[in-house]
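Student: I would like to go through this structure one element at a time. Please show the sequence and the model.

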Amino acid sequence: MKFLIIEQDLRVSGTSQGIISRSFLGKLRKAYPESLIDVHYIKAEDSVDKLDLLPVDHMVEYRVNAAAPMLVQLANKLYWRLFNVSLVEEWFVKQYAKIIAKIDYEKYDHIFIRSAGIGHEMILATLDLPILKKAIVNFHDPFPVAWYVGTKVKPTKLDFFRLAKMMKVVEQAHVCTSTASYMSHDLQHLYGSKKPFFTLPHQYDPTVFSLKEPTQVRVKEKPVSISYHGALMFGRNIENLIKAYSELVNSDPKYVENSELILRVKGNEVARFKEIYGDALNIKFLDTVDFSSSSSEQIHQSDIVIILENGPYYCNILVGKAPFLASINKAVLCLSPKKSELRTIVSDDTCIADMGDVTEIKTKLKKLIDNELDKGEPVKPFGEYFSQENFKVQLNEILQANK
């Protein structure tokens with residue numbers, strides 16, 4: 001079997017999408033070890049990629065210019081107001097389109113076009129290109145961003161023109177996929193697709209990384225260390241976690257002596273949380289670190305890892321850290337809205353709590369901490385959902401639809 005993969009982000013650090021895309025290639029090779037896998041990598045900025053670590057047969061790398069010419073930028077100031085189309089966006093997408101149009105795709109059995117970032121330039125660039133009619137188009141997030149659950153961005157006239165363009169792409173594509181079952185459902189209806197959207201969740205494969213020696217790992221100071229590493233955005237609620245943990249440690253000296261909450265966070269509200277809770281018992285706010293240090297700290301120092309889903313009412317995406325945490329076999333507590341992707345995946349009820357319910361979060365935290373202190377049974381919150389075997393089952397369903 002011959003695979004052509006067109007990628008936009010293969011970075012080893014800095015974005016979850018780079019980690020996910022590299023892992024997809026690793027899992028694909030394991031699923032089809034004898035297959036031909038060729039990758040065309042189109043990126044818009046300099047980055048550390050370590051492409052030699054990827055288990056592919058051939059890699060072609062391109063660099064597009066992310067900065068539109070000054071003439072285009074000046075014309076755009078009036079153009080988008082008159083025609084509801086951004087000349088800058090169109091110019092940027094055409095940089096990708098020119099490259100994709102030259103790729104010899106006919107010899108491949110399956111073609112994956114994988115998106116990255118909020119602009120989805122790679123997918124939009126395939127509109128009206130012959131390759132699209134044979135392609136499997138993968139959406140990692142909803143587009144336009146105004147339809148991203150948890151965002152405060154309101155749709156504009158430009159967004160409706162962006163949406164109309166993406167609807168044409170979906171209509172022309174052979175197969176469309178997304179990384180979450182709820183998102184597949186939503187995008188199929190948002191784009192008015194007569195074809196079903198398939199689901200192929202994010203993956204994590206440690207073999208496609210050669211992580212540098214971590215330099216910013218914090219050694220835990222208590223028997224049980226609870227941690228959250230990530231950004232606060234799209235309605236992710238960390239305040240109720242802080243309140244729940246504070247109530248727990250204030251209720252029993254056992255949890256003061258034996259637990260800590262480490263928050264490596266970034267985002268607009270971090271300063272406010274530090275001001276309010278900076279002196280809270282056993283809670284430490286730290287800066288975020290690179291993937292090497294963050295992964296090492298979670299693997300070797302964290303005992304319970306927190307996942308914040310988007311909210312507050314609904315989360316239709318799969319957070320990128322879920323497959324990584326599944327791979328390191330750590331206890332996990334997901335703080336989720338009442339309707340969310342992780343609620344369809346997490347197999348242990350102890351590992352998921354309503355993000356708006358402080359009492360439930362406190363109860364679940366207590367159970368997980370007690371289990372760690374008592375050396376109880378290891379917690380496997382995701383079962384076999386992110387296993388290599390399940391990946392191949394889901395992938396095969398997509399490949400069969402692509403025939």
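Student: How many residues does helix α12 have, and what span does it reach from its first C-alpha to its last?
Tutor: This is a predicted model. Helix α12 covers residues 358–373, which is 16 residues. At 1.5 Å a residue the expected span is 22 Å, and the helix comes close to that, reaching 22 Å.

Student: Which residue has a side-chain oxygen that reaches a backbone nitrogen at the start of α12?
Tutor: The backbone nitrogen belongs to Thr359. A side-chain oxygen comes to within 3.1 Å of that nitrogen, and the residue supplying the oxygen is Asp357.

Student: In what order do the seven strands stand in the open sheet, and why does one side of β3 and of β7 lack a neighbour?
Tutor: β3 (58–63) and β7 (197–199) are at the edges and each has a single partner strand, so one side of each has no neighbour in the sheet. The pairing is parallel, and the twist from one strand to the next averages 20°. The order is β3-β2-β1-β4-β5-β6-β7.

Student: What is the bridge partner of Phe112 in β5?
Tutor: Strands β4 (residues 110–114) and β5 (residues 135–139) pair in the parallel sense over four bridges. The partner of Phe112 in β5 is Ile136.

Student: What angle does the direction of helix α13 make with that of β7?
Tutor: Helix α13 (residues 388–402) packs on the sheet, where it touches β1, β4, β5, β6 and β7. Its direction and that of β7 make an angle of about 155°.

Definitions and conventions. Residues numbered from 1 in each chain as written. Predicted model: local features only at pLDDT ≥ 70, side-chain atom pairs only at ≥ 80, totals over all residues. Heavy atoms only, no water. Helix = DSSP H or I, 4+ residues; strand = E, 2+ residues; numbered from the N terminus. Expected span 1.5 Å × (residues − 1). Polar contact = N/O pair within 3.5 Å; in protein donor to acceptor, adjacent residues only side chain to side chain. Pairing = 2+ DSSP bridges. Axes fitted to C-alpha atoms, helices over the stretch in contact; angles between N-to-C directions. Contact = heavy atoms within 4.5 Å.
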